[in-house]
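Please examine the sequence and structure shown below.

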Amino acid sequence: MKYVDEFRDRALAEKLSAAIHAEADPARDYNFMEFCGGHTHAIFRYGVQDLVPANVHFIHGPGCPVCILPIRRLDDAIELAEMPGAILCSYGDMLRVPGSKRRSLMSAKADGADVRMVYSTLDALAIARANPDRQVVFLGIGFETTTPPSALAIRQAADEGLENFSVFCNHVLTPAAIRHILDAPEIDPEQAVRLDGFLGPSHVSTVIGSKPYEFLAEKYAKPVVIAGFEPLDVMQSVLMLIRQVNDGRVAVENQYTRVVTREGNAKAQELVDDVFELRPTFEWRGLGWMADSALAIRDKYARFDAEKRFPISEKTAREVKSCECPAILRGVKKPKDCKLFGKVCTPENPMGSCMVSSEGACAAYWTYRRAETLAEMALEAAE
Amino acid sequence: MTALEPLGKARFRADERVTMSHGGGARAMADLIRKVFAHHFANPLLDQHHDVARLDRPEGRIVVSTDGHVISPLFFPGGDIGSLAVHGTLNDVAMGGARPVALTAGFIIEEGFPLADLDRIAASMGEAARKAGVPIATGDTKVVERGKGDGVFITTTGIGVVPDGVEISPERIAPGQAILLSGPIGDHGVAILSARQGLEFGTSIVSDSAALHRMAADMIAAAPDIALLRDPTRGGLSATLNELVEGTRHGMLIDERAIPVRPEVASACELLGLDPLHIANEGKLVCICDAVDADRVLAAMHAHPEGAGAALIGHVTAEQPGFVRMTTRIGGMRVVDWLSGEQLPRIC
Ligand code: SF4
């Protein structure tokens, strides 16, 4: 743990905090979006906001795989779990997310479906081997980090001729979503928050490298710093972003040099490329349909593609109407701006995607900064 | 834990399993009780051979606490369901400020359960009770059909006596009081996780399962005015503290750096995306007492192996009533919330 402790050290944090205070220009605001829910979580869990000046704002992005899986796909997963003889394997944090009619994989399990929590795709493969007379479906979700293990599982199943294994693929792509947020035509320019830079998710870049973010600097003139997930990583990255902004520079910088390179992990990229191809369009919960923003399993592996292998019914899914998630995921609004926050919408009873996973912005505010947020809401209501 | 007796003098065959007739009230059941439970629990109260246990009338007020134990896996690093069922209930009684007097134990056993495993559990239970100096006075055994139970469920009830003058109750918590924790958190939960199927990870962490009544008695002797004792079991430290502030006119402020967590536990949590504050403990207690008594109580804790790592972790506050807040490791501030639902490992 020594390695990690170093990145949570109080004295170092105070030094970085002093440097940020010294270099941030009080005459302006700095709006930085952390794309990834992992960063959101770290910022809240360690109270990083308290260590930066009030004019440095963290804008929380859509990078939480649990938050952005649309209800309809979740309903599909529940349907797959309920096929006679099926075993649906999923990572733990998907199990509680409510789909239509507030049903989750957990409630499907309570109703008799065989839903199993796994910690890796290898566990799902082992379950398939142990149950040759059952159909084992792995619910694949996540960004570039969780995609290679899904690809590996499919290749392994193909090599072994494991006929009762398939993946329900919902893997999505980070750069596409960032591009979409910056392009989003539906944002009223008056209302839109100006983004002065991005904290890029380092674990994604360990796979894809920092190169895929270069368009942000080149085309959109936005500084990017690939940031690690420890609180001090985040603080150091904020300092690097402030310096870029102050100097009028626009570049993709790498704070997380201990792992990330420009090119990323070529082997993982090849693996993913062998198994997956771009999906023409995919729906993101809260953000809607986005071109080239997700992956599908290539035809040569069609027999491991749950979507092709099993009939999944057409269904309509409805989001809660007054939920402000789309605006929150784009960084336009804050959780306190949603009327439902904390009243009807809590982690126990989530109404929208930002509250469903511990990494969503609403859940983070509720879990870690509830006292302040409720006080602010009361103040605003009184005005 | 005592090993199984040599098979020469075997009380049962090595491959013998629990059958429905073991629960049927006939000779088989009497046999099971005699060979397994009475064998391991032997004490004068149980040996009354009566359906009730007669206890002498004690001085002081009586507390009773009951707890059902269902756990998977049944055997884990540092303990098993048997010792856990003894420690858990003894601790509940002790947290009421009471001296435990006797325990009762109810078993629900699934048909087909290996007798050798049952014997191991009973042996560990007997030993835990003996070590604690508290007899298992009476019990009950039921067998359910295969598939209708998960091996063994154990319900234990504890009876204890609170000395006059001791008033341990959440109502006595007030701003300014100190919050003490008896040692590193998360050991039990991580030990269980490490033994869980599909997750077996190599770790040296063993459950902290332990009886705390002796340490609690010494703490009370050191400061009879202690406001509260509570063992942070399910839901971990965060649930315990939140329970104590919810709906009250006080809050709590704790310091992350003061909360002991073993490095192995911290690493495992990091890996699985869990928060040690939410992880179960079976051998820890939280004590709230007047700030002036804190050092004396801490000294009493440090004198016991169960309290060797005890620390002052924060204070009760008048500000932000209803909230537990924490100064984070790096100097920020956050709310420490209840866990919502079951703690599930995150994916990335
Ligand atoms: S508080 Fe709930 S309903 Fe409102 S935006 Fe957040 S998730 Fe949606």
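Which helices of chain A each supply at least two residues of the shell around the ligand? They are helix H15 (325-329) and helix H16 (353-356), where helices (H or I, at least four residues) and strands (E, at least two) are DSSP runs numbered from the N terminus. This is a predicted model, in which local features need pLDDT of at least 70 and side-chain atom pairs count only at pLDDT 80 or more, while totals for chains, interfaces and linings use all residues. Residues are numbered from 1 along each chain as its sequence is written, chains are lettered from A and ligands numbered from 1 in the order written, and side-chain values use heavy atoms, without hydrogens and water.

**Ligand**
- The ligand is surrounded by 13 residues, each with a heavy atom within 4 Å of it.
- The closest are A:Cys323, A:Cys325, A:Cys338, A:Cys345 and A:Cys362.

**Helix pair**
- The axes of H17 (residues 361-368) and H18 (residues 370-382) of chain A come within 5 Å and cross at roughly 100°; axes are lines fitted to C-alpha atoms over the stretch in contact, with angles from 0 to 180 degrees between N-to-C directions.
- H17(A) and H18(A) are therefore roughly perpendicular to each other (65 to 115 degrees).
- In H17(A), A:Tyr365, A:Trp366, A:Thr367 and A:Tyr368 meet A:Arg370, A:Thr373 and A:Leu374 of H18(A) (heavy atoms within 4.5 Å).

**Backbone**
- A cis peptide bond, with omega near 0°, runs from B:Ser72 to B:Pro73.
- B:Pro73 is found in the loop between strand S1 (61-69) and strand S2 (75-76) of chain B.
- A:Lys101, a residue other than glycine, has a positive phi near 50°.

Technical notes:
Parallel < 35°, antiparallel > 145°, perpendicular 65-115°, else oblique.
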